[in-house]
Amino acid sequence: MDDFTIRHAEPCDYQPIISVLNDWWDGRIMSDMLPKLFFVHFRETSFVAESGVNIVGFLIGFLSQTFPDQAYIHFAGVHPNYRRRGLACNLYGHFFRAAQKHGCRVVRCVTSPVNKVSIVFHLRMGFSIEPGERVIEGISFAENYDGYGGDRVLFSKLLSA
Ligand SMILES: CC(C)(COP(=O)(O)OP(=O)(O)OC[C@H]1O[C@@H](n2cnc3c(N)ncnc32)[C@H](O)[C@@H]1OP(=O)(O)O)[C@@H](O)C(=O)NCCC(=O)NCCS
């Protein structure tokens with residue numbers, strides 16, 4: 001059901017999003033990983049979904065400075081009541097098009113191995129899992145990738161030309 005609109009992120013979106021972030025992640029403390037700078041300096045490649053005046057989803061991404069053909073999705077989340085309606089898929093589509101417009105061919109992102117929904121979602125979006133040094137339940141991941149205890153599944157997706 002398409003009862004939402006998608007626009008670029010703005011600095012004023014930071015407060016409403018950060019105040020619900022941990023709840024959207026089932027109580028996991030995620031807010032430390034999303035400082036306001038992303039809403040200031042990465043607006044061209046970051047998107048917010050609204051239903052009326054309410055923010056119901058967002059995607060924070062950027063273009064790699066080091067690898068001009070690559071773009072990176074740092075964070076994406078959808079309000080629990082708005083899931084399974086294609087909203088995250090729609091947000092990713094906006095990001096893929098923005099990345100392609102800037103000449104990117106590859107999109108990367110990471111997720112925690114405990115986040116099974118995120119893993120299923122990214123595979124459905126056409127991402128592949130990069131080989132890591134450990135495998136649990138058939139999922140390969142990089143141990144301590146983001147510091148001690150910060151295991152991560154590494155995803156990449158080739159954008160069509
Ligand atoms: C992961 C998340 C962003 C998906 O958002 P969403 O809007 O519900 O996803 P979509 O509706 O676009 O799903 C697209 C496809 O992904 C798969 N998928 C999404 N959620 C799923 C779930 N809970 N179980 C199984 N498959 C799922 C399905 O194949 C789905 O297509 P379908 O509904 O036609 O079967 C959302 O669950 C969320 O915000 N989770 C908490 C935050 C998080 O983990 N973010 C991702 C890591 S940064």
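The lining of the second largest pocket draws at least two residues from each of β4, β5 and β9 (153–158). The structure is a predicted model.

**Second largest pocket**
- The volume of the second largest pocket is about 180 Å³.
- Its lining consists of Ser64, Phe67, Gln70, Ala71, Tyr72, Arg108, Cys109, Val110, Glu130, Tyr145, Leu154 and Phe155.
- By class, eight of these lining residues are nonpolar, two are polar and two are charged.

**Largest pocket**
- The largest pocket has a volume of about 1,200 Å³.
- It is lined by 40 residues, of which Ala76, Asn115, Val117, Ser118 and Phe121 are the closest to its centre.
- At least two lining residues come from each of β4 (70–78), α4, β5 (106–111) and α5 (116–124).
- β4 provides the largest share of this lining, with seven residues.
- The lining of the largest pocket comprises 24 nonpolar, eight polar and eight charged residues.

**Helix α4**
- Helix α4 covers residues 87–101, and its end C-alpha atoms are 21 Å apart.
- The buried residues of α4 are Leu87, Ala88, Leu91, Tyr92, Gly93, Phe95, Phe96, Ala98 and Ala99.
- In an α-helix there are 3.6 residues a turn, so residues three or four places apart point the same way.
- After α4 comes glycine 103, which has a positive phi, near 85°.

Key. Residues are numbered from 1 along each chain as its sequence is written. This is a predicted model: local features need pLDDT of at least 70, side-chain atom pairs count only at pLDDT 80 or more; totals for chains, interfaces and linings use all residues. Side-chain values use heavy atoms; hydrogens and water are left out. Helices (H or I, at least four residues) and strands (E, at least two) are DSSP runs, numbered from the N terminus. The expected span of a helix is 1.5 Å times one less than its number of residues. Buried means under 20% relative accessible area, exposed over 50%, partly exposed in between (1.4 Å probe, protein chains only). On a 1 Å grid over the protein atoms alone, a cavity is a set of points where a 1.4 Å probe fits but cannot get out, and a pocket is an open set with protein on both sides within 12 Å along at least five of seven lines; lining residues have an atom within 4 Å of a point. Grid points are joined across faces, edges and corners, and a volume is the space filled by probe spheres set on the points. Ala, Val, Leu, Ile, Met, Phe, Trp, Tyr, Cys and Pro count as nonpolar, Asp, Glu, Lys and Arg as charged, and the others, Gly among them, as polar.
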